[in-house]
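Q: I have a structure open and would like to go through it. Can we start with the terms and then look at the parts?

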Amino acid sequence: MNAIDPRDHIEAPRTTGSALSLRKLTQIHGRGKTKRVALNELDLDINRGEWVALLGPNGSGKSTLLNVASGQLQPTSGTCAVLGEPVETLDRGAIGVVFQVTALDPRLTIEENLLDLARLQGLKRQDAMDRISEALKRSGLAERAHDRVAALSGGLARRADLARAMIHEPGLLLLDEPTTGLDPLARQSCLDHLAKVNCSDERAIIMSTHLVEEAARAQRVIMLDEGRCVADGSPESLCQQIGARILRIYETDFEPPSDEGWSKQGDAWTCPVSGHGDPIVEDLLSQGIELSVLRPTLADVFAQKSGRDLSTMEGPAS
Ligand code: ADP
Ligand code: MG
């Protein structure tokens with residue numbers, strides 16, 4: 001995984017009011033043997049102007065949080081306020097949502113899809129056309145307005161979905177794993193586009209992901225594990241919190257010398273160190289143990305904070 005490149009980041013969060021505020025938010029799915037605590041007394045404040053990545057392994061509660069924030073799921077207990085309003089009375093038109101399954105009709109052109117939506121929201125035809133033309137320009141899709149969605153590449157279709165979610169200029173944009181199924185180039189272009197969208201003080205973006213490279217593009221990363229927040233901060237500050245460097249050992253029969261700081265990520269044992277000259281590194285090298293000393297990534301932060309591996313799977317992606 002790549003180390004964090006500070007050039008990828010835009011300026012610090014601006015704060016112009018609350019976008020999402022959760023207090024002791026608990027969401028329980030199912031009952032009896034199938035009961036799952038998806039969110040566990042979560043407290044969270046996200047302001048307008050922030051671009052937040054919810055990072056966690058499958059099953060950590062990311063989709064559940066976005067479903068609650070979009071009003072699609074009623075919380076079991078606790079409160080959720082969106083753009084300063086209790087989610088129960090929120091005007092859905094105030095938010096934009098992009099979930100994993102596209103909300104566009106593949107048989108229609110991009111423009112027809114957007115027009116349908118704008119009309120549903122009560123916009124007059126001319127207003128709707130103006131907004132659509134603006135949204136398509138912003139998304140770099142002006143030339144594609146008359147292409148049928150079914151004929152678009154995955155990356156363009158996702159961008160069209162984003163244009164749809166933003167047609168009414170929502171104050172909060174919720175995106176559930178928006179780059180799923182995209183090739184690396186389209187993924188990059190989708191994230192570049194989000195960085196541009198983020199240039200508004202008036203809007204917050206909350207995007208879920210299980211990929212550290214993707215989360216590292218956001219201004220703030222909230223790490224979820226079993227429905228709890230285990231870390232919250234800018235990608236740089238989170239990585240700095242765990243140390244200057246992290247050492248990795250891939251030897252299968254390696255036993256860590258102590259419990260302190262050591263954790264397993266996939267096949268590798270890892271431990272934070274100050275650098276190549278750290279006594280732990282010197283000691284292991286003198287024993288002939290092969291190791292690498294690297295800059296920490298958000299995957300290392302997650303492992304240190306949760307004691308678990310970010311790539312831990314809970315069955316199929318949900
Ligand atoms: P993520 O999006 O991080 O993968 P989810 O929010 O989808 O996590 O799921 C959180 C937990 O809730 C998981 O244990 C998942 O199996 C469970 N869960 C999610 N949706 C349902 C549902 N409709 N019924 C039962 N359990 C569910
Ligand atoms: Mg999910």
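A: Start with burial: a residue is buried under 20% relative accessible area, exposed over 50% and partly exposed in between, using a 1.4 Å probe and protein chains only. This is a predicted model, in which local features need pLDDT of at least 70, side-chain atom pairs count only at pLDDT 80 or more, and totals for chains, interfaces and linings use all residues. Residues are numbered from 1 along each chain as its sequence is written, chains are lettered from A and ligands numbered from 1 in the order in which they are written, and side-chain values use heavy atoms, without hydrogens and water.

Q: Are Phe254 and Trp262 buried or exposed?
A: Phe254 and Trp262 are both buried.

Q: How many aromatic pairs are there?
A: There is one aromatic pair. Its rings belong to Phe254 and Trp262, with centres 5.3 Å apart and planes at 45 degrees, so the pair is tilted. The rule pairs rings of Phe, Tyr and Trp (its six-membered ring) with centres within 6.5 Å; planes under 30 degrees apart are stacked, over 60 edge-to-face, and the rest tilted.

Q: New topic. What domains is the protein divided into?
A: Domain 1 covers 17-233 and domain 2 covers 241-306, with bounds from an automatic or database domain assignment. Their centres, taken over C-alpha atoms, are 36 Å apart. Twelve residues from domain 1 and six residues from domain 2 make the contact, meaning heavy atoms within 4.5 Å.

Q: What area is buried between domain 1 and domain 2?
A: About 650 Å², with carbon and sulfur atoms giving 85% of that. Buried area is the accessible area (1.4 Å probe) that two parts lose on being put together, summed over both. On the domain 1 side, Val212, Met223 and Val230 lose the most area to domain 2, together 59% of what that side buries.

Q: How many salt bridges cross that interface?
A: The rule finds zero salt bridges between domain 1 and domain 2. A salt bridge needs a side-chain nitrogen of Lys or Arg within 4 Å of a carboxyl oxygen of Asp or Glu.

Q: And how many in total?
A: The count comes to 14 salt bridges. One of them joins Glu41 and Lys24, whose closest N and O atoms are 3.7 Å apart. Glu41 is in strand S2 (residues 36-47) and Lys24 in strand S1 (residues 18-29), so the pair ties together parts 17 residues apart in sequence. Helices (H or I, at least four residues) and strands (E, at least two) are DSSP runs, numbered from the N terminus.

Q: What about Glu177 and Lys62?
A: Their side chains meet in a salt bridge at 3.9 Å, N to O. Glu177 is in the loop between strand S7 (172-176) and H5, and Lys62 is in helix H1 (residues 62-69), 115 residues apart. Glu177 is buried at 6% relative accessible area, and Lys62 is buried at 5%.

Q: Which residues of helix H2 are buried?
A: In H2 (residues 110-120), Ile110, Asn113, Leu114, Leu115, Leu117 and Ala118 are buried. These buried residues pack against helix H3 (125-138) and helix H4 (154-166). After H2 comes Gly122, with a positive phi near 85 degrees.

Q: Last one: where does Ser189 lie?
A: Ser189 lies in helix H5 (residues 184-197). Ser189 is partly exposed, with a relative accessible area of 25%.
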